[in-house]
Amino acid sequence: MPPSIGLITCSQRTPRAGPQISTFIHNTIRGFYPPETATITTIDLAEWNLPLYNEPGMPSFISSADEYKHEHTKAWSREISRHEAFIFVTPQYNWGYPASVKNAIDYLFHEWKGKPALVVSYGGHGGGKAAAQLREVLQGVRMRPLERMVQLRFPERKEVERAAKGEDLGLDGEGGYWVGEREGIKVAFGELIAALEEKTE
């Protein structure tokens, strides 16, 4: 069985560019790697719409989904548990990542622990500050985030405005203005797969 990788769309804004950027990442990977390399499942935090963390217990003390109080937490636990690695696709808001992804991470602990992760950020300057902060949080739940991070920079201010409005960014096909980033995504995904293989050896 190929490994299962969760591709997490971190933005919950309405409107937003996150889903089409996640699709661009997914399509780019599929353009370089055959399906048997890994199964990739998109996890959209807007669809999960988790409330602000409301479990009575500390996640690090919980070892089974059945030990959580709320059904939304149990479902989230089972979803994350079934994947062996993750790709986080995050925008940068005011030099940081969205509260939605911090909240989603904080719901769990053992479900994340030990799993490799790749951070892909996007923004007017590529989202590097958000990516670096998110990487530290992933280390905090004992994940194994890659040193390499993919930063997708909007070429002009007007593209940032289009993204904020949820307009079509023209990323279909070769990837529009991010066609030159496809090779970096390929290399980063290859490192993610290599990290998975290290874990299983």
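**Entry 1: the largest pocket**

I looked up the largest pocket in this predicted model and found a volume of about 470 Å³. Of its 22 lining residues, Q92, G123, G124, F154 and V160 are the closest to the centre. The elements giving two or more residues to this lining are β4 (116–123) and α6 (157–164). The largest share, five residues, comes from α6. By class I noted nine nonpolar, nine polar and four charged residues.

**Entry 2: terms**

A pocket is an open set of points on a 1 Å grid over the protein atoms alone, with protein on both sides within 12 Å along at least five of seven lines; a cavity is a set where a 1.4 Å probe fits but cannot get out, and lining residues have an atom within 4 Å of a point. A volume is the space filled by probe spheres set on the points, which are joined across faces, edges and corners. Helices (H or I, at least four residues) and strands (E, at least two) are DSSP runs, numbered from the N terminus. Ala, Val, Leu, Ile, Met, Phe, Trp, Tyr, Cys and Pro count as nonpolar, Asp, Glu, Lys and Arg as charged, and the others, Gly among them, as polar.

**Entry 3: the cavity**

I found one cavity of 30 Å³ or more. Q12, L45, L50, S100, N103 and A104 line the largest cavity, and helix α4 (residues 99–106) gives the most, three residues.

**Entry 4: notes on the model**

Residues are numbered from 1 along each chain as its sequence is written. Local features need pLDDT of at least 70, side-chain atom pairs count only at pLDDT 80 or more, totals for chains, interfaces and linings use all residues, and side-chain values use heavy atoms, with hydrogens and water left out.
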